[in-house]
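Let's take a walk through this structure together.

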Amino acid sequence: MEDNAMLSTFEGLQLRFRSLVKRFLHDTDAAEDVIQEAFCRLWPRRESIETPSDAQALATTVVRNICIDRVRHEGRIVECTVDEDRDTACVSSVQESMEISEQFEWVNRYVNERLSPMQSEVLRLHDFEGYSFEEIAERLKIEQTAVRMNLSRARKAIREQYKEWNK
């Protein structure tokens, strides 16, 4: 991969990497350090990286591994605080938990079976993988307005069907 392509690919991934590293390390400064270290590790290998998607996959793996190394080196386990009030408010019983699970499965099945492939893909890329409208348009080779329209129609179809299901 040529130098400019590698630079532009990595610059495009920095925001996504920053949020990934913050989840691991809970430190903004450490996030910048990890991203820089990953880039320094990948730069000498740029000739063997053929496509931007290869660069993204390799960079994601390197960033994740650096984070794991740092957590291990510091000898600490990343802790998650528990807000018991929030947890009990969200799911107060096993029955509610089952209902939520059923609803999620229903929505997932509806997305896979009833939405057009384009709507399903746009919804997945935007809402679940966090891609921007511009990134989705580039990836699917469609206009940004088409991305917005497909996302809007997908959400509307799900909302209408969900209302129908809950009558």
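First things first: what you're looking at is a predicted model. So what is the protein built from? It has eight helices and zero strands, and reading from the N terminus on, the elements go α-α-α-α-α-α-α-α. There are 167 residues in the protein, and 26% of them are buried. Now take the contacts between residues at least 6 apart in sequence: 65% of these join residues at least 24 apart.

Now zoom in on helix H1, which covers residues 3-25, and helix H3, which covers residues 52-74. Two packed helices are described by the angle between their axes and by the distance between those axes. For H1 and H3, the axes come within 10 Å and cross at roughly 30 degrees. Angles under 35 degrees count as roughly parallel, so H1 is roughly parallel to H3. As for handedness, the crossing of H1 and H3 is right-handed.

Which residues do the meeting? On the H1 side they include Met6, Phe10, Leu13, Phe17 and Leu20, and on the H3 side they include Ala55, Ala59, Val63, Cys67 and Val71. Sorted by class, the contact of H1 with H3 has 15 nonpolar, three polar and three charged residues.

What do they pack against?

Our last stop is leucine 151, which you'll find in helix H8, residues 144-165. Is leucine 151 buried or exposed? Its relative accessible area is 3%, and since buried means under 20%, leucine 151 is buried. Leaving aside residues up to four places away in sequence, leucine 151 touches Val122, Leu123, His126, Asp127 and Phe133. Take aspartate 127 from that list: leucine 151 and aspartate 127 are 24 residues apart in sequence, and their C-alpha atoms are 9.2 Å apart in space.

Key: Residues numbered from 1 in each chain as written. Predicted model: local features only at pLDDT ≥ 70, side-chain atom pairs only at ≥ 80, totals over all residues. Heavy atoms only, no water. Axes fitted to C-alpha atoms, helices over the stretch in contact; angles between N-to-C directions. Helix = DSSP H or I, 4+ residues; strand = E, 2+ residues; numbered from the N terminus. Parallel < 35°, antiparallel > 145°, perpendicular 65-115°, else oblique. Left-handed = near helix turned anticlockwise from the far one by under 90°. Contact = heavy atoms within 4.5 Å. Nonpolar A, V, L, I, M, F, W, Y, C, P; charged D, E, K, R; others polar. Buried < 20%, exposed > 50% of the residue type's maximum accessible area, 1.4 Å probe, protein only.
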